[in-house]
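Thanks for passing this one along. Here are some notes to read beside the coordinates, in numbered points.

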Amino acid sequence: MKRIKSVTVLQHFLLIMMSIIAIFPLYWMIISSFKNESEIFTSSFIPQAPTWQNYLYAFAEMPIIQMLFNSFVVATLMTILQLSTSLLAGYALVRWNFKGKLLIFTLLSLTWLIPFQAVMIPNYVLINQIGLNENPLGIVLPFAASTFAILSIYQSFRSFPTALIDAARLDGESDLGILLRIILPNIRSTVISLGIILFINAWNEYLWPMLVTKEMENAPIQIGLKSFVNSDVNMWGSLMAATTISCIPILLIYLFLQKHIVDSFVRFGIK
Amino acid sequence: MGSIKVEQMKKSFGQKEILKGIDVDIPDGSFAILLGPSGCGKSTLLRMIAGLEEPTSGSIFINDQDITYSEPKDRDIGMVFQNYALYPHMTVFKNIEYGLKIKKIEKNKRLNMVNKVIEMVELTEHANKRPGELSGGQRQRVALARAIVKRPHAFLMDEPLSNLDAKLRNQMRQELIELQKELQTTFLYVTHDQIEAMSMGSYIIIMNNGHIMQKGTPKEIYTNPANLFVAQFIGSPPTNILSYGDYSIGIRPENMSMKEDELNVNDDYVLTGAVVSTEHLGGESIYCLTTDWGKVFVKGESTWQTPTKETQIAFSKEDVLVFDKSGERVRDVNLVENLLADMKVSNNRREPVVL
């Protein structure tokens with residue numbers, strides 16, 4: 001009994017320590033956003049003279065709301081596209097037997113090993129030639145299909161009971177009908193979890209949007225954040241204020257979809 | 001409403017040949033059973049008839065129409081799966097209605113049809129529940145209802161009772177027999193359980209290793225097995241086999257009797273053996289004895305007693321089945337007579353011969 005108690009105490013201690021490690025940077029970001037310039041490098045845990053100045057400056061300096069909206073559009077579009085392509089590809093790879101299936105699957109898996117930086121330039125040239133610079137589509141299109149999403153969906157389709165699909169075929173359902181009306185409702189939580197991960201990934205995307213967009217009005221929020229820190233001047237206070245604002249949508253998603261988020265991290269591993 | 005005919009059906013998965021030329025002709029309105037051990041190809045055959053699997057070669061006819069390469073939905077068949085395969089996200093009602101909806105049957109007519117079938121399988125009060133809230137037996141009924149509502153030419157059932165407990169299985173067996181009588185539709189039922197096959201089927205097809213071993217009524221299969229496999233597969237405990245040179249002599253356990261002293265006129269042959277174990281099943285008992293010819297099972301009336309001393313096991317000439325080296329039944333009466341004579345058995349004597 002005593003041993004069990006000491007084990008739980010130890011467990012709780014470890015959990016509390018890990019929570020502090022995870023939460024502290026966020027806490028520091030928020031309090032720093034309320035500190036004035038002279039206080040920003042002090043180690044005080046509570047701002048001595050709290051100020052909205054950083055927020056006012058951040059809003060004055062760049063179109064934060066527009067950029068948040070851009071981020072939202074880009075992340076939503078990317079998530080929808082990646083989910084759609086992975087559902088279709090996953091279905092074809094699991095359900096159909098066709099020549100070259102193994103080859104396609106292998107190539108697909110291999111693309112996961114190619115770093116984005118390697119294909120960045122060709123992608124940039126292509127987007128440039130199509131004329132999708134400064135356009136959310138330009139940010140989204142190269143990421144319309146995600147190998148990670150396809151392989152995740154592929155795995156969950158593989159474990160889907162074939163008898164249900166057979167029953168639907170006997171009922172006269174088409175392939176698309178089977179995917180949308182039989183499989184999808186039953187793997188809903190997997191798809192939602194995957195969607196959340198894809199959305200967060202898309203929200204945090206930095207390098208590619210920076211290449212495609214030059215104008216602040218067209219860029220997602222992550223690009224805007226960087227503008228506070230450059231070789232001339234570091235506006236830490238305003239950076240923290242803008243970062244805090246940029247976290248709000250993600251925080252809201254966490255609040256509303258908490259159950260699914262925990263599930264998605266367990267299912268796909270923390271990304 | 002629907003006869004099923006399969007001609008020269010072959011199926012391979014890669015290098016592995018699962019079906020090796022199957023011919024089946026199931027008359028309209030019969031309760032046909034595909035019986036065989038696991039992996040014999042019976043489920044594959046059923047899936048090909050359903051259109052869920054494409055044959056490597058051969059043809060399938062339903063009502064004399066070649067449907068070998070038709071889509072499953074165009075075959076006019078209802079299928080019941082081993083794991084029920086109910087759509088988990090739909091209610092009982094929606095599960096049954098789904099196929100009709102896809103067929104674009106007009107709503108009022110559709111609701112009518114579904115309600116009627118739900119009533120028939122006694123699930124009215126569960127119509128709005130999801131499959132997860134139902135018991136195994138109820139799920140099985142939903143699966144049946146889903147097949148029935150389409151009013152198909154034929155029903156295909158893939159071990160539909162194997163997930164139920166013994167008591168429920170017995171009950172469902174009776175219900176299926178009644179259902180088949182009521183619908184007057186061809187049933188093709190796959191099972192590995194010979195008791196299910198014997199008790200339900202009007203026509204049994206026994207398969208092994210991708211071949212058909214025998215087709216016929218339960219009586220034909222039981223009393224007149226075509227080969228060693230069928231003789232041993234049907235009946236519990238299986239037919240006793242005594243090896244004699246190139247031949248195998250089979251006698252069913254129930255055709256043997258244990259005699260302490262008197263033998264009667266029908267007892268042509270006698271073995272002696274000692275009882276090693278007994279199963280008292282209530283109405284009957286199964287005795288396992290060791291003899292000079294190997295282990296022998298005898299089925300007899302229950303005495304609730306286990307004989308301890310050596311006993312005689314008697315059987316008559318009529319009940320002897322003889323099989324050749326390849327396992328085929330030897331039907332040549334003279335050969336059988338000679339063989340038995342060879343075994344130093346004479347059936348002209350009044351006295352039974354001790355083997």
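Which share of the contacts in chain A with a separation of 6 or more comes from residues 24 or more positions apart?

1. In this predicted model, that share is 73%: residues 24 or more positions apart supply it among the chain A contacts with a separation of 6 or more. I would keep this figure in mind while going through the fold.

2. The secondary structure of chain A is made of 14 helices, with zero strands.

3. On overall dimensions, a box of roughly 70 × 70 × 30 Å, taken along the principal axes, holds the C-alpha atoms of chain A. Chain A has 271 residues, and 30% of them are buried.

4. Now to the contact between the chains. Chain A brings 13 residues to it and chain B brings 15 residues. On the side of chain A that touches chain B, the elements giving two or more residues are α8 (162-170) and α9 (175-186) of chain A. The largest share of that side, six residues, belongs to α8(A). Sorted by class, the side of chain A that touches chain B holds seven nonpolar, two polar and four charged residues.

5. A last point on the partner. For chain B, the domain assignment lists domain 1 (4-223) and domain 2 (237-354). The centres of domain 1 of chain B and domain 2 of chain B, taken over C-alpha atoms, are 39 Å apart.

Definitions and conventions:
Residues are numbered from 1 along each chain as its sequence is written. Chains are lettered from A and ligands numbered from 1 in the order in which they are written. This is a predicted model: local features need pLDDT of at least 70, side-chain atom pairs count only at pLDDT 80 or more; totals for chains, interfaces and linings use all residues. Two residues are in contact if their C-beta atoms, placed from the backbone, lie within 7 Å. Helices (H or I, at least four residues) and strands (E, at least two) are DSSP runs, numbered from the N terminus. Ala, Val, Leu, Ile, Met, Phe, Trp, Tyr, Cys and Pro count as nonpolar, Asp, Glu, Lys and Arg as charged, and the others, Gly among them, as polar. A residue is buried if 20 or more other C-beta atoms lie within 10 Å of its own, exposed if 12 or fewer, and partly exposed in between; C-beta atoms are placed from the backbone. Domain bounds come from an automatic or database domain assignment.
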